[in-house]
Protein chains: 2
Amino acid sequence: MAEASVEDNFNGVAVTPWQVTGAVDYDKLIAEFGTAPLTPALVERVERLTGRKAHHFLRRGIFFSHRDLDQILNAYEAGERFYLYTGRGPSSEALHLGHLIPFIFTKYLQDAFKVPLVIQLTDDEKFLFSKHDATLHPLDAYIQLGRENAKDIIACGFDAEKTFLFADSNYIGSLYPNVVRIQRAVSFNQVRGIFGFQLSDNIGKIAFPAVQAAPAFSSSFPHLFGGDAQVPCLIPCAVDQDPYFRMTRDVAPRLGYRKPALIHSKFFPPLQGAEGKMSASDPNSAIFLSDSPAQIRKKVNKYAFSGGRDTVEEHRLYGGDCSRDIAYQYLTFFMEDDERLEEIRQAYASGRMLSGEIKAELVQCLQPMLAELQAKRQAVTESDLNRFMQPRPMSIS
Amino acid sequence: MAEASVEDNFNGVAVTPWQVTGAVDYDKLIAEFGTAPLTPALVERVERLTGRKAHHFLRRGIFFSHRDLDQILNAYEAGERFYLYTGRGPSSEALHLGHLIPFIFTKYLQDAFKVPLVIQLTDDEKFLFSKHDATLHPLDAYIQLGRENAKDIIACGFDAEKTFLFADSNYIGSLYPNVVRIQRAVSFNQVRGIFGFQLSDNIGKIAFPAVQAAPAFSSSFPHLFGGDAQVPCLIPCAVDQDPYFRMTRDVAPRLGYRKPALIHSKFFPPLQGAEGKMSASDPNSAIFLSDSPAQIRKKVNKYAFSGGRDTVEEHRLYGGDCSRDIAYQYLTFFMEDDERLEEIRQAYASGRMLSGEIKAELVQCLQPMLAELQAKRQAVTESDLNRFMQPRPMSIS
């Protein structure tokens, strides 16, 4: 299913939009995908332009790679505004922690740069790529999941004035002219090369990449930006989505459009270990936004892979392995306080902090964060949802 | 480009949605496509149910084949109504005589059965399948051609209350749920088998058959029929469109939908001879709705292939060959008076009527017919067009 060069990242490692396995070497991925590393100099420039401290996802290299971010910053510095585009394939009732990463980061970017944001719910994709029986898991089920997920997304705190949330099943009419233009510019051989599609794959899968590409061009949103404007686009996403946007960037000049810029995150690991990415299909590998404090504690204590030693004695002697310890890894994603995180790292690596103790730190970090998201999620009404999903003009000045 | 079994109809003959060449053996086509011949008994049944004489396209075998027309008639007889679906791929500014055939016949069906009609303008298809440079012939040009063609279609006299005209570029949003369901049920291998698509073809072409299939299911028109209704569908079309609907009929049961019924016409021959079909790309092979009386006369006299003999003497002696004479062939399509047509046939076949004389008969038949269509076309306003293109409830009782 995967592009050859990506599958060969090294043994057992695959990075495609549908599968992430193995321990990914992100430096190697930058070289193979042909992206640029997100350097400290670039992070500093973001701080300077936005007048605020960079998000810890930037400071800690969780967003680690980009395409043309420098050009977006050049344009911004010259007074030109851009829009953000990210998305979600609705597959589970509630988002899990891994799904949150791009949304948390996108909210930071929206707040810092004060720019509009479009969020695509690819209910069509999830139906087309589903391995379930279409009678038992019909399109309407994915449409409904999209609406549920949209409430989780809104709970992340996006600016209602500057955010447009849309589902493909509902908004395709506006995207369609660009979808068709992109489809005409891309052959089956090309999507086979990029995504590894087979001759036996359904024709909807084969055509779908154009639907994910279209929102990267501002003319796909005539209601928002006017039909003729060419507003630059910046896409925050996990790096497994890069193949879609490599394709998008390839076709852009042929359509007379600007190439979208990208900023890529690393994967959020499953509870079981620091390989692959968190998956909603195994509830014991994922912590969901809907999990109760007790469920969070239980999942972390029971399933989070430990980088600790086999016995307390050995642990005190040799210390824990932060690079493999899931509790520590998750803290790098969600603990905002750099000093406290560094204290924990030193304590755990030196053996002063035990596995149960670092897990307790994570539980204390996650419980209030998820409780707050749940409260916000509870407060999202159908009317809020409709407001976010209403096409409407967006100021780009 | 064509399905193997169809291309092999016999030497030099190809029948695909994009190409019709050679002298088609229609009996052979019925056997190869697996359709049913439209028998005199079925035509009589149409007359009985509608209480009016059958259209001369039926009496003369111009509509010669069908799928499940008997089932549509059974349902109609039992008091159930159906809807008609036909379409047009906008490729030329004005329609030509060949394009008129399905519309003339569909208008008859609408009047005789008093049923709703949906007409699809596949502007997306024409752009995706175009061999022209996309910069010089952009999507918008096909959208505009669709609007021009729509006025020609309205001039055919369709019932404004019962007819919904839509362009894919504009209406795809309503079709999309069914498009996606159909796409998921059809693989690349299948469309390669049916349509002869290549690996180098663009992904829009590969996915397009689902867009032409979707209007055959009444749930694609929630504004017209309500989302849940399963109204039976009858599709009048030239037989080269059958592959699309064979595919549609194949997927229908898997989607829980009724199979659409079909009624197929023969091809309208080009001026140059009774092989292939009239094409808009060669203006000398086609008579357009926009042609003046002088242009009609000139094209018929100069280009219409004659089944007459080399000299007047030989013609008087042996008579003309009606089976190859384009003037006679066109008269079978457009002269409504059976007796007069038979007189002409006998006079021409016996040599009493000369080639110039039968051409004059055709010119006298076409000139008033096209003058009337042009007058009606002139009278079609943008507001009329918008009225036909407005989604609105349609009575199916």
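**Sheets and salt bridges**

Reply: This is a predicted model. In chain A, seven strands make an open sheet with mixed pairing, in the order β3-β4-β9-β8-β5-β6-β7.

Me: What makes β3 and β7 of chain A edge strands?

Reply: β3 (36-37) and β7 (163-167) of chain A each pair on one side only.

Me: How do you know that β5 and β6 of chain A pair?

Reply: Pairing takes at least two bridges. Strand β5 (residues 83-88) and strand β6 (residues 117-121) of chain A are joined by five bridges, so they qualify. The two strands run parallel. A:L84 stands opposite A:L117 of β6(A).

Me: And β8 and β9 of chain B, how do you know that they pair?

Reply: The same cut-off of at least two bridges applies. Strand β8 (residues 233-238) and strand β9 (residues 261-265) of chain B share five bridges, in the parallel sense, so they count as paired. B:A238 has B:S265 as its bridge partner in β9(B).

Me: Why is the contact between A:R340 and A:E361 called a salt bridge?

Reply: The cut-off is a side-chain nitrogen within 4 Å of a carboxyl oxygen. The closest N and O atoms of A:R340 and A:E361 are 2.3 Å apart, so the pair passes. A:R340 lies in helix α18 (residues 338-350) of chain A and A:E361 in helix α19 (residues 355-379) of chain A, so the pair ties together parts 21 residues apart in sequence.

Me: Why is A:E361 called buried, and what is A:R340 called?

Reply: Buried means under 20% relative accessible area. A:E361 has 16%, so A:E361 is buried. A:R340 has 27%, so A:R340 is partly exposed.

Me: What makes B:R249 and B:D68 a salt bridge, and which parts does the pair tie together?

Reply: Their N to O distance is 2.9 Å, within the 4 Å cut-off, so the label holds. B:R249 sits in helix α14 (residues 242-251) of chain B and B:D68 in the loop between β4 and α5 (69-77) of chain B, so the pair links parts 181 residues apart in sequence. At 11% relative accessibility, B:R249 is buried. B:D68, at 21%, is partly exposed.

Me: How do you know that B:K151 and B:E148 form a salt bridge?

Reply: The closest N and O atoms are 4.0 Å apart, and the pair is counted as a salt bridge. B:K151 and B:E148 are three residues apart in helix α8 (residues 139-155) of chain B, so about one helical turn separates them. Both residues are buried.

Key
Residues are numbered from 1 along each chain as its sequence is written. Chains are lettered from A and ligands numbered from 1 in the order in which they are written. This is a predicted model: local features need pLDDT of at least 70, side-chain atom pairs count only at pLDDT 80 or more; totals for chains, interfaces and linings use all residues. Side-chain values use heavy atoms; hydrogens and water are left out. Helices (H or I, at least four residues) and strands (E, at least two) are DSSP runs, numbered from the N terminus. Buried means under 20% relative accessible area, exposed over 50%, partly exposed in between (1.4 Å probe, protein chains only).
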